[in-house]
Amino acid sequence: MGKLRLSVLAVFVLSVVLFAGYTVRQKLLLDTTPPVITCETDELTVSVEDGSDALLEGLTAWDDRDGDLTGEIRVASLSRFNAQRQRTVNYVVFDAAGQPGQAQRTLTYTDYTPPRIYLRQALRFASSGQTGSDGLTVLTAAEDCLEGDLTAQVKYSAEDGLYYREIGTHTYTLQVSNSAGDTRSLALPADVVDSADSTERLRAYPLLSEYILYTQKGQPADILGDVIGVEQSGTQYDLTKPFNGVASYPSALVASGEAPDSAQVLAKLRQSVTVTGEPDYTTPGLYTVQVGYRYLSGTGAAAQTVEAETKLYVVVEE
């Protein structure tokens with residue numbers, strides 16, 4: 001009986017020793033130390049044109065067991081802009097045991113500009129009919145230096161008078177945001193003209209290449225250079241390209257029987273237009289400019305001066 005007890009005790013002691021050894025070995029083998037990401041600097045400056053690899057410059061990663069993991073570093077997330085238009089880049093790298101190493105640094109763009117909204121045509125509507133939501137949506141486009149085309153993200157609202165074509169000026173508001181949290185919002189005055197006015201068909205509205213011009217503070221916009229022709233009775237006469245089937249120049253531009261070069265006509269038009277409401281280029285903001293054109297229609301007693309103005313919106317950026 002005593003020998004049996006001794007045997008059982010010996011087996012028990014051996015089991016405890018073996019278990020303790022196994023536990024110690026597992027602890028020794030278990031990787032509990034995460035990899036470490038090292039940054040040459042806590043701040044990173046890049047161009048919006050740089051690729052994603054630029055965000056990884058100056059980073060290294062090391063793990064006490066797996067060694068160099070620099071090539072495994074990934075951008076985990078990019079924050080939205082802070083008040084200084086800087087972003088936080090969060091990095092992560094995993095070792096073979098699945099443990100994450102993390103780091104972050106501050107990102108500044110050297111050439112960032114907020115998203116920009118564009119108009120495909122003048123904000124001018126005839127009083128007959130209704131504009132409708134689709135009619136307003138197709139007028140706009142948007143581009144962003146970080147994400148490219150944001151046209152589908154543009155949000156808009158309009159005063160009822162614009163929807164229902166009430167004669168007068170109404171506000172058309174456009175807004176678009178990028179993933180960095182930067183938002184462009186423009187409240188633009190839009191015109192509804194009287195389609196029953198007999199003079200309306202004679203008006204030659206300046207035709208513009210862009211209806212929203214963006215410029216930097218202190219840099220005047222080339223407003224006259226934005227004029228490319230006229231629009232009369234629903235027909236656009238773009239003097240920078242072939243008329244695409246239009247037989248001749250409108251009488252608003254060229255006297256009957258004359259056939260000058262289109263470049264000459266355009267140069268004369270730009271000399272003739274008037275600009276009302278010059279922007280303050282020292283102060284960032286949105287400015288509405290009236291680009292006008294007048295000409296003498298008819299002859300003799302029937303002659304009359306016909307005037308028309310196109311709204312141009314100038315955005316002065318900081």
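Reader: Which ring does the charged end of R124 sit over?
Author: In this predicted model, where local features need pLDDT of at least 70, side-chain atom pairs count only at pLDDT 80 or more and totals for chains, interfaces and linings use all residues, the charged end of R124 sits over the ring of Y205, 3.7 Å from its centre. A charge counts as over a ring if NZ of Lys or CZ of Arg is within 6 Å of the ring centre and within 35 degrees of the ring normal. Residues are numbered from 1 along each chain as its sequence is written, and side-chain values use heavy atoms, with hydrogens and water left out.

Reader: OK, switching to salt bridges, how many does a search of the whole structure find?
Author: The search finds ten, a salt bridge being a side-chain nitrogen of Lys or Arg within 4 Å of a carboxyl oxygen of Asp or Glu. One of them joins the side chains of R116 and E317, at 2.7 Å from N to O.

Reader: And where in the chain are R116 and E317?
Author: R116 is in strand 8 (residues 116-119) and E317 in strand 21 (residues 304-317), 201 residues apart; strands here are DSSP runs of E, at least two residues long, numbered from the N terminus.

Reader: Are R116 and E317 buried or exposed?
Author: Both R116 and E317 are buried, where buried means under 20% relative accessible area, exposed over 50% and partly exposed in between, using a 1.4 Å probe and protein chains only.

Reader: What about K217, which residue does it form a salt bridge with?
Author: K217 pairs with E318, their closest N and O atoms being 3.7 Å apart. K217 is partly exposed, at 41% relative accessible area, whereas E318 is exposed, at 68%.

Note on methods
Helices (H or I, at least four residues) and strands (E, at least two) are DSSP runs, numbered from the N terminus.
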